[in-house]
Amino acid sequence: MATQTTAERARTPRGDERRVVSNIVRGSIGNLIEWYDWYAYTAFSVYFASVFFPSGDQTAQLLNTAAVFAVGFLMRPIGGWVLGRYADRRGRRAALTLSVTLMAAGSLIVALTPSYGSIGVAAPILLVAARLLQGLSVGGEYSTSATYMSEVASPGRRGYYSSFQYVTLIAGQLTALGLQIVLQQVLSPAQMESWGWRIAFVVGAAGAVIVLWLRRGMDESESFERAASEGGKEQSGPARGSLRLLLSYPRQCLVVVGLTMGGTLFFYTYTTYLQKFMVNTSGIAKPTAAWINFFALLVFVVLQPVMGLLSDRVGRRPMLIAFGALGTVVVVPSLTLLSHTSDPVYAFLLMVVPLAVSSLYTSISAVVKAELFPTSIRALGVGLPYALTVAVFGGTAEYVALWFKNAGHENWYFYYVTACVLVSLLVYIRMRETSDASPLDEGVSRSRD
């Protein structure tokens, strides 16, 4: 499908919802595959932990896979910088295409790497290399897709359309869990641990081929094209997408760090880590834990556009304050109760309630960041400070939690999460309403539906 030029779009009504939906869908499906590949690692790590690392107790092997998961996050700031800069200079579509290519390569490495028993220490080394490549990809994917969806969305409905970034982000995790459930039904536990888990990474790499075709048909955002055509004005100062230009927005960068800190740690605690928590602490069987996670995340994904639409009515700041307040009081009781139950229904409720709280943050996380920066630095501004914060807090969530458990103080992690959410709450209270007089409105006639 041929892309629409600026001149062609000029003959199209500005609020053409069909074109907006087409671009959102194309960007979203690519985002889904990216995050499917990212989450396939944590969904299937309960099976391949013993493949890549020497024999030992389950907690020790999971601790090793969690460490590799955290290492992958260290590349996300680099990805946010490299691909964010690329997106601000060469375009959102080009950066999104590059990021999915990198993710596919990382998935293929994981799928094809032999076991520790076959090649020794080279196995975990290749696993780390693959995660570094995927971390680079995800670091750029988040910032560029957040920027792109916010820029192509209709004014007055940006919260709603931008929420589909987390719809597809969570759908990627659901797809990984869904595939895990299917494989658990058709393969024995021994087959899953031997080779069945590799299927997930082959599927992810294959899906990237479809995404590459879809993203070729995406429109470039009008905001980027307008900024590029006015490049002469911007070149009188720091170049588009440069760190020097980013440093001229210190307040916005600090706001991104502060609002992300508690939100990302809370999110990763109740998504990627909770399945391991149910298996390793609650004593729930692996297949049962997978089903609990699947249905809880299904509820979570449905809540995203609902909350995004609500933010278009009431504003972003009240939503964030509500998340911060509820998040500080729900962590300790929910995780404490979950650690003492093996009942699937009770465990589901103890997971889905905090996820509903998290949706107040996740549904608008992308658009809030995008509304802080002008077009010339938006992808890098969204990506780099966010990725640095996620690397420090989100990427280490599993490792810190398992470290506390290994040390015999698992409940200390509950208070750690609570403290981080509380810090973010203070930021939410002090920040302005980002949807008012946003740089996203430059050159756009604002309309509130």
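Me: Trp-195 lies in helix H10 (residues 189–196). What makes a run of residues a helix here?

Reply: Helices are DSSP runs of H or I with at least four residues, while strands are runs of E with at least two; both are numbered from the N terminus. By that rule, the protein comes to 21 helices and zero strands. The model is predicted, so local features need pLDDT of at least 70 and side-chain atom pairs count only at pLDDT 80 or more, whereas totals for chains, interfaces and linings use all residues. Residues are numbered from 1 along each chain as its sequence is written, and side-chain values use heavy atoms, with hydrogens and water left out.

Me: Why is Trp-195 called partly exposed?

Reply: Buried means under 20% relative accessible area and exposed means over 50%, with partly exposed in between (1.4 Å probe, protein chains only). Trp-195 has a relative accessible area of 40%, and therefore counts as partly exposed.

Me: How much of helix H2 (residues 17–52) is buried?

Reply: In H2, 28 of the 36 residues are buried, which leaves the helix mostly covered. Across the protein, buried residues make up 61% of the 449 residues.

Me: What is meant by a bend, and where does H2 have one?

Reply: The bend at a residue is the angle between axes fitted to the seven residues ending there and the seven starting there. For H2 that angle is about 80° at Ser-45. H16 bends by about 25° at Leu-303, and Pro-305 follows within four residues.

Me: How does the reach of helix H16 (residues 286–314) compare with its expected span?

Reply: The expected span is 1.5 Å times one less than the number of residues. H16 has 29 residues and reaches 41 Å from its first C-alpha to its last, close to the expected 42 Å. Gly-315 follows H16 and has a positive phi, near 105°.

Me: Which residues make the nonpolar surface patch?

Reply: Ile-78, Trp-81, Val-82 and Leu-243 make a patch of about 310 Å². Patches take residues with over 30% relative accessible area and no salt bridge, joining nonpolar side chains (Val, Leu, Ile, Met, Phe, Trp, Tyr) within 5 Å and like charges within 9 Å. A salt bridge is a side-chain nitrogen of Lys or Arg within 4 Å of a carboxyl oxygen of Asp or Glu. Val-82, at 38% relative accessibility, counts as partly exposed. Helix H4 (residues 76–90) gives the most to the patch, with three residues.

Key:
Areas by Shrake-Rupley, 256 points an atom, 1.4 Å probe, with all protein chains shown as cover.
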